[in-house]
Amino acid sequence: MPIAILLAWQLWTAHLDSPKFPTLWTILVTFRDLWLFSQFGTHVVPSLERIGMGFGIAVVVGIALGIPLGLSRWARLWAMPHIEYWRAMPPPALLPISIVLLHSIGNRQKVAFIGFFCLFPVLLNTIDGVRGIDPALIETARAYNVPRLERIRRLVLPAAAPQIAAGMRTSLSLAVITMVLSEYFSSTSGVGYVLLISKNTFDFKPMWAAIVLIGLLGYLLNVLFLIVERRLLAWHRGWRAVAPA
Amino acid sequence: MAAGEVAASGPAIATAREERRTSFAEPVTFALSIAAALAFWEVISRTGVISQRDLPAMSTTFQELWELMKTGHFWWAFADTVRGWGLGLAFATAFAVPIGIALGSNDFAASAFRIPIEFLRPIPSAALIPLLFLTLGTTLKSELFLASFGAFWPLLIQTIYGVRDVDPVSVETARSFGVGRLERLYRITLPSSVPYIATGLRISSTVSLILAFTAELFMGTKGLGQEMNAAQSFGLEVQVYALALATGFLGIAIHLVFTTLERRALRWHPSQRLGTT
């Protein structure tokens with residue numbers, strides 16, 4: 001089936017012979033020329049860096065905020081209106097603001113922008129995961145005088161881990177999207193910048209190559225994440241296989 | 001979502017009691033929390049922690065929003081954004097639900113299209129902006145394509161899962177009673193996948209707004225996004241902030257409407273009450 005679709009694309013575009021829709025072959029050749037590896041360092045690496053840093057910050061902050069919010073009902077009452085508002089905000093609406101506020105169109109602004117929007121899936125899933133823990137477990141640990149930090153490290157974090165991972169996965173695909181958005185709006189490097197330039201110069205070949213690259217990037221990051229997740233949460237799966245659901 | 005995986009919610013009695021005790025404190029906290037945030041915003045801007053040029057004070061921004069709201073121009077832009085969002089979501093629904101049902105109820109089709117879907121889905125719609133810009137131009141068509149392309153995927157996936165989850169016994173029972181294919185679809189498949197579709201609609205409604213706005217900001221189709229782009233290029237920072245506020249309100253309004261719809265759909269379907277979040 002996928003081969004059939006690719007073949008259809010090749011035949012259709014060859015038949016169309018339009019510069020807007022280059023043939024699959026042309027796209028692949030451009031892809032190789034651009035990304036393997038002449039412009040890899042100048043554009044792909046900065047993009048990956050931004051994704052990595054933004055995602056990393058979002059995960060750390062999301063878990064660090066999510067655990068207290070999950071444990072305390074009052075903290076949740078205080079924080080939820082703000083979380084709901086910012087989560088519902090379409091990311092591009094904050095692009096111009098992020099530039100004004102941070103005085104930057106470089107990595108600082110891009111990473112902050114990516115990190116801000118990647119925060120919410122991790123945060124909300126951490127809150128939900130922590131809330132889902134059987135209170136009896138926490139009470140028991142408290143009754144045995146397990147210190148608070150220890151309780152969080154040994155009980156809360158592992159119990160919420162599967163759901164935190166689910167949030168991280170959503171965030172990761174969001175990171176790719178926000179990366180493209182942020183680079184598409186005032187930037188000097190990155191895959192999104194290549195898109196912008198090729199649009200401005202009416203050059204369709206690098207544009208298609210960039211679209212393919214972004215799709216591939218999202219797919220590969222997701223696969224990579226699933227592998228890591230499976231390894232890290234292997235204990236959890238094993239436990240679930242034995243315990244009744 | 002894997003949200004249901006650990007959804008062993010604690011003892012219901014304790015939460016119910018807690019709920020009652022704080023039932024009136026809740027709206028108070030809610031209001032206080034928002035007031036505190038707004039005050040914080042006012043203070044950091046007025047005292048110059050962040051200069052007023054970079055972050056206009058809360059009062060200034062709301063006043064600007066109020067001024068904007070008195071103009072017809074703002075409401076036209078607002079209506080344009082809502083139109084882009086609504087039509088985008090409508091198109092996505094019109095395609096995603098029937099295709100989802102077809103793929104969900106037919107194993108052969110599902111396996112044939114699985115890989116193409118897996119490859120197309122992660123392509124961020126944002127990457128398609130320049131392509132649309134040069135092919136469809138800065139028209140409503142581009143905006144609608146972008147919004148519906150983005151909104152299509154979550155809804156499709158949810159519909160497929162929903163149809164997969166239909167109790168096979170009831171389908172078989174209906175079949176053995178000689179209930180026709182179409183009637184089975186209306187009476188069994190559709191109603192029991194409604195909760196999934198509602199969840200998909202909630203996700204897609206947000207995605208559609210994001211992409212409608214994105215199209216306006218980057219391609220200059222009419223709407224709040226284009227207004228923001230204009231305000232930004234004229235250096236009207238206060239207006240940029242006011243428009244962002246307005247967009248946020250639109251976002252939260254859409255989110256609340258669809259969460260309510262979803263909750264209704266879930267209430268109707270008791271088995272799903274705990275599973276989906």
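What percentage of the 277 residues of chain B count as buried? The share is 38%, where a residue is buried if 20 or more other C-beta atoms, placed from the backbone, lie within 10 Å of its own, exposed if 12 or fewer do, and partly exposed in between. This is a predicted model, in which local features need pLDDT of at least 70 and side-chain atom pairs count only at pLDDT 80 or more, whereas totals for chains, interfaces and linings use all residues. Residues are numbered from 1 along each chain as its sequence is written, and chains are lettered from A and ligands numbered from 1 in the order in which they are written.

**Confidence**

The model scores ipTM 0.80 and pTM 0.82. For chain B the mean pLDDT, the predictor's confidence in each residue on a scale from 0 to 100, is 81, and 87% of its residues reach 70 or more. A contact here joins two residues whose C-beta atoms, placed from the backbone, lie within 7 Å.

**Helices of chain B**

Chain B has 11 helices and zero strands, these elements being DSSP runs numbered from the N terminus (H or I over at least four residues for helices, E over at least two for strands). Among contacts in chain B between residues at least 6 apart in sequence, 74% join residues at least 24 apart.

Helix H4 of chain B packs against H9(B) (residues 181–219) and against H10(B). In the table, axes are lines fitted to C-alpha atoms, for helices over the stretch in contact, and angles run from 0 to 180 degrees between N-to-C directions.

| Helix pair | Angle | Distance between axes |
|---|---|---|
| H4(B) and H9(B) | about 140° | 8 Å |
| H4(B) and H10(B) | about 130° | 7 Å |

Angles under 35 degrees count as roughly parallel, over 145 as roughly antiparallel, 65 to 115 as roughly perpendicular and the rest as oblique; H4(B) and H9(B) are therefore oblique to each other, and H4(B) and H10(B) are likewise oblique. The contact between H4(B) and H10(B) is made by B:Ala77, B:Phe78 and B:Thr81 of H4(B) and by B:Leu224, B:Gly225 and B:Glu227 of H10(B). B:Thr81 is also among the residues of H4(B) that meet H9(B), which include B:Gly84, B:Trp85 and B:Gly88.

Eight of the 10 residues of H10(B) (residues 224–233) are buried, so this helix is largely enclosed by the rest of the structure. B:Leu224, B:Gly225 and B:Glu227 are among these buried residues, and just after H10(B), B:Gly235 takes a positive phi of about 75°.

The contact between the chains takes 49 residues from chain A and 56 residues from chain B. On the side of chain A that touches chain B, the largest share, nine residues, comes from H8(A).
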